[in-house]
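Visitor: I am new to this structure and would be grateful for a guided introduction. Please begin with the terms that I shall need.

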Amino acid sequence: MGSWRSLYLVIIFLFFLFLPETCIASVQNKGQLNRGFQGSQMAWIDNNGLILVSNSSKFAFGFNPTKDVTLFLLVAIHVSSSTIVWSANRGSPVRYDDNFVFDETGNAYLESGGSTIWSTKTTNKGVSVMELRDSGNLILLGKDGSTIWESFSHPVDSLLSGQNFTQGMKLVSSPNNNNLSYSLEFKSGDMLLSASFKPPQPYWAMGKDERRTINQVGGNVTSAILDGNSWKIYDQKEVLLWQFIFNDNQDENATRLAVLGEYGYITFSTLQDDSIVASQTRIPQDECSRPASCDPYIICYSGNRCQCPSALPSCKPETASFCNKPKDHVDLVDAGDSLGYSALGFVSPSAKTDLNACKTSCLGNCSCAAMFFDSSSGNCFMFNQIGSLKGSINGAGFKSYIKVSASQENGDSGGGGKGRLPIIFGIVICTGLVILGLIYGGIRYQRRKNKLPDSAKESSEEDNFLEGLSGMPIRFSYKELQNATNNFSIKLGQGGFGSVYQGVLPDGSRLAVKKLEGIGQGKKEFRAEVSIIGSIHHLHLVRLRGFCAEGTHRLLAYEYMANGSLEKWLFKKNKEFMLDWNTRFNIAVGTAKGLAYLHEDCDVKIVHCDIKPENVLLDDHFLAKVSDFGLAKLMTREQSHVFTTMRGTRGYLAPEWITNYAISEKSDVFSYGMVLLEIIGGRKNYDPSESSEKSHFPSYAFKMMEEGKLTDLIDRNLKVEEEDERVSTAIKVSLWCIQDDMSLRPSMAKVVQMLEGLCQVPSPPTSSQMGTRLFSGFLKSLSGEGTSSGTSGPSDCNSDAYLSAVRLSGPR
């Protein structure tokens, strides 16, 4: 048995010894990417799937997860706000092991299962390098510096400052719940927004928007560009004809973003260093001027109030083609005299006639689903598909008619009583059969219910019981949280489990509302797990105030942390205001106390599994609180396994995640040690911009400890008193925590004691590389020594229960 174990360790050691450097740690490319590159999301999880960053790190290019945690898009993204500004494969997401390739011929493409999903089609066109600009433009350059291909010329649903939108280009939104999408393009000498009916139906034109501040007479408009705080539209001679101001802030250096959303609005926002600020201006401004204001055939009134037309037999008219029905089986119902439709005024009339002739034309055309008639002009408009209708407050509007099956229409349609007798008899017979069926079903159900075990009878009672649990947080309705967050308008950030939005309750208290994505549990299981998370209260743990489990919606409402995550303060570029040493040390101690509580003081031990600066939040007074504990229990086993493998941050994951050793709370200790090192150094644990000696911070820290140069590890921008022993204590504690051998790592309770000076901190072992640990284990196995021989860890650190007694959290 021992010989097999020795052979296994030798194989693992040789694997890591000869593993290419790109496989061990993916080094993020800055500014440019050379030909001959190939990589998948899995290979770049160290950098959240991002392969290339712009010179200022404002934008990045790489893989970004979809709502399905197993699928990814290849995108250009604004890093600090996690806003996607361009996508290569929006409609065809790929798996974690599918590759993006920038080959030697100069072609860039995305492949999946042997098929090419997307390509720049630049094979042998002289491409020498790929470049990501600070403008967000992804460019393929020739040897002479000329642009051969650029993402700005292939927009998806977004436009950035300086991006020239010209005739022939098209913005297309993602489809909405009714599978309807929208497009923006230059057409007929104007810039038009259209709904993707067949044929497309325009519903807004820049030439008819009265908010333009410049309105020059000239040729047809053919290009537009976001310039400063306005949208400028030019003709074919590049003469400025129109200007549309969408923001009062005139900062010329600000990065603006225009997005065509899935419900037909163009919205504008400003991308800042740490957030995204939305403008109040939108296109179109009137909420009822879109086909998606309400469901099809429903009337939209001011205030986004939707109402079913009173003349319709039901709110959902027949959508099947009328071309398969005899003409005497269809009719037109009067929808009202004061209604409008978003496309009217942007399309040419079908005919110029009178009302009766217009109705006859619609009835005689099986493709006509609705018609509108303008009495003043005699214009007749016919549509084969429509969205929501537009109500008129002053009563002015078109005469509107909707085609329905004659059997659907209310009242007598003139068909005679004899023709209806079979229908009446059929209805009576069917009604009788339904009643008999219900009686029979009720009897069968009652008999079956009497035979069921008590647990099945009490299922609804169990749901009610969960509502009354003392530890159960407040249950919010989806509407309450939607109102609290102003329809989820202020996005605080996005994590592995979903996006987080700022909210305010009616009593004025602020919330951070997380919309969970990829959650596979049912309502009852969700409530049960939430009751456990909600019952955990500690000064250094973010408190769960409430939840929502309504339909498919799963939301968690947390206390609001005004100063955001630790990551934003540690790695911010602006060093004018930075965390001083006292604040950092208090954050380190607070984080340790929160983890110690999860590990040792909860009714059920909780291992977080995703400790990193992004999951350490700071309140108004910079008090540290650990967030996102317990969330992985809300995922299915398959989803959580994929999440860990594909989306974990390897810079903070303990070696046992990779080597398949048992996962325990000692895995959290390792991650905490990495965070503590970053708190001390004010830098990430891996930084390719540093020299080769310093790029991997933990290795450099061990070396400096050997050489007695601990002060070289401190953030150079910090002012620390030489006699402050907390610095050397914190460094030694962090190096104890990141020992590859989990038995040498202290418990989090012990970490708290060491940081607070309640016990001495011996010097940690000076070897912490994975290859070194495996090789050391190999040598010890040959000599018969156990892992306990050699340097021992701090006392009381070696008796921790493993997976069977642990409730996993984080990305497990």
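Guide: Rings of Phe, Tyr and Trp (for Trp, the six-membered ring) pair if their centres lie within 6.5 Å; planes under 30 degrees apart count as stacked, over 60 as edge-to-face and the rest as tilted. The model is predicted: local features need pLDDT of at least 70, side-chain atom pairs count only at pLDDT 80 or more, and totals for chains, interfaces and linings use all residues. Residues are numbered from 1 along each chain as its sequence is written, and side-chain values use heavy atoms, with hydrogens and water left out.

Visitor: How many aromatic pairs does a search of the whole structure find?

Guide: One of the pairs is formed by Phe 244 and Phe 268, with 6.2 Å from centre to centre. The search of the whole structure gives a total of 19 aromatic pairs.

Visitor: Which class describes the pair of Phe 244 and Phe 268?

Guide: Phe 244 lies in strand β23 (residues 240-245) and Phe 268 in strand β25 (residues 266-271), so the pair ties together parts 24 residues apart in sequence. Strands here are DSSP runs of E with at least two residues, and helices are runs of H or I with at least four, numbered from the N terminus. With 35° between the planes, the pair is tilted.

Visitor: Is Phe 244 buried or exposed?

Guide: Buried means under 20% relative accessible area, exposed over 50%, and partly exposed in between (1.4 Å probe, protein chains only). Because its relative accessibility is 0%, Phe 244 counts as buried.

Visitor: What is the angle between the planes of Tyr 341 and Phe 372?

Guide: Tyr 341 belongs to strand β29 (residues 330-341) and Phe 372 to strand β31 (residues 370-374), so their pair ties together parts 31 residues apart in sequence. Both Tyr 341 and Phe 372 are buried. The pair is stacked, with 5.7 Å from centre to centre and an angle of 5°.

Visitor: Which residue lies over the face of Tyr 265?

Guide: A charge sits over a ring if NZ of Lys or CZ of Arg is within 6 Å of the ring centre and within 35 degrees of the ring normal. Lys 208 lies over the face of Phe 346, at 5.0 Å from the ring centre. Over the face of Tyr 265, at 3.9 Å from the ring centre, lies Arg 290.

Visitor: Is Leu 433 buried or exposed?

Guide: Leu 433 is found in helix α4 (residues 421-451). Because its relative accessible area is 56%, Leu 433 is exposed.
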